[in-house]
Structure formats: structure tokens, C-alpha cells
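Here is a short report on one structure. Look at the sequence and the model first, then read on.

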Amino acid sequence: MPREKPLFRANLERLRELYPDREVLTMSETCKLLRMDRRTILQDKNCPANKVCGKYIVPLAKLASFLS
């Protein structure tokens, strides 16, 4: 079982405060949160975005891990 990154829990808690009752964010919400361009985020090989039905979504747990 992989070890949890040190800031994972704090990041996940903060994301859940910002987006209550949500498990995923849209790409535009993610861009606004990170203050980054969509292309920049998607170019990162570790980007947590998943393409579903032609649109990108970002699970909160994966985003918290990515930010850790």
C-alpha cells in the first residue's frame, strides 16, 4: 500500500471546504483554482484530469494528491 503524501489530507480538506458535496471539478473550475491555463495543466504528465465523454474532469482526491 503506497504511503500518503504529507500534505494530502490538508489539501483534500481545503478542497472539500471550497467545493462541498462535490467529488470532481470541471477543467474550468480547476484552472480558476490553480490560476493556470488549461493547456499548461494538461501538458503536465502528472495531471489528474480524466477525459469523460469529451470533457475533462478532475477528482478532488487526485487533485489533492497532485498538489501535495
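How do the axes of H1 and helix H4 cross, and within what distance do they come? They come within 8 Å and cross at roughly 135°. Axes here are lines fitted to C-alpha atoms, for helices over the stretch in contact, and angles run from 0 to 180 degrees between N-to-C directions. Helices (H or I, at least four residues) are DSSP runs, numbered from the N terminus. H1 covers residues 8–18, and H4 covers residues 60–67.

H1 and H4 are therefore oblique to each other. Angles under 35 degrees count as roughly parallel, over 145 as roughly antiparallel, 65 to 115 as roughly perpendicular and the rest as oblique. The crossing of H1 and H4 is right-handed: the near helix is turned clockwise from the far one by less than a right angle. From H1, the contact (heavy atoms within 4.5 Å) takes in Phe8, Asn11, Leu12, Leu15 and Arg16. From H4 come Leu60, Ala61, Leu63, Ala64, Ser65 and Leu67. Eight residues of this contact are nonpolar, two are polar and one is charged. Ala, Val, Leu, Ile, Met, Phe, Trp, Tyr, Cys and Pro count as nonpolar, Asp, Glu, Lys and Arg as charged, and the others, Gly among them, as polar.

## How to read the model

This is a predicted model: local features need pLDDT of at least 70, side-chain atom pairs count only at pLDDT 80 or more, and totals for chains, interfaces and linings use all residues. Residues are numbered from 1 along each chain as its sequence is written, and side-chain values use heavy atoms, with hydrogens and water left out.

Leu63 lies in helix H4. Its relative accessible area is 0%, so Leu63 is buried. Buried means under 20% relative accessible area, exposed over 50%, partly exposed in between (1.4 Å probe, protein chains only). Not counting residues up to four places away in sequence, Leu63 touches Leu15, Leu25, Thr30, Leu33, Leu34, Pro48 and Val58. Leu63 and Leu15 are 48 residues apart in sequence, yet 8.7 Å apart in space, C-alpha to C-alpha.

Thr30 belongs to helix H2 (residues 27–34). It is buried too, at 1% relative accessibility. Beyond its neighbours within four places in sequence, Thr30 is in contact with Leu25, Ile41, Val58 and Leu63. Thr30 and Pro59 are 29 residues apart in sequence and 10.0 Å apart in space, C-alpha to C-alpha.

## Charged pairs

Side chains of opposite charge can pair when their charged atoms come close. The structure holds four salt bridges. Each is a side-chain nitrogen of Lys or Arg within 4 Å of a carboxyl oxygen of Asp or Glu. One of them joins Arg14 to Glu17, with the closest N and O atoms 3.4 Å apart. Arg14 and Glu17 are three residues apart in H1, so about one helical turn separates them. Arg14 is partly exposed, at 46%.

Another links Arg22 and Glu29, at 2.7 Å between the closest N and O atoms. Arg22 is partly exposed, at 29% relative accessibility. Asp37 pairs with Arg39, where the closest N and O atoms are 2.9 Å apart. Asp37 is partly exposed at 36%, while Arg39 is exposed at 61%.

Key:
Helix = DSSP H or I, 4+ residues; strand = E, 2+ residues; numbered from the N terminus.
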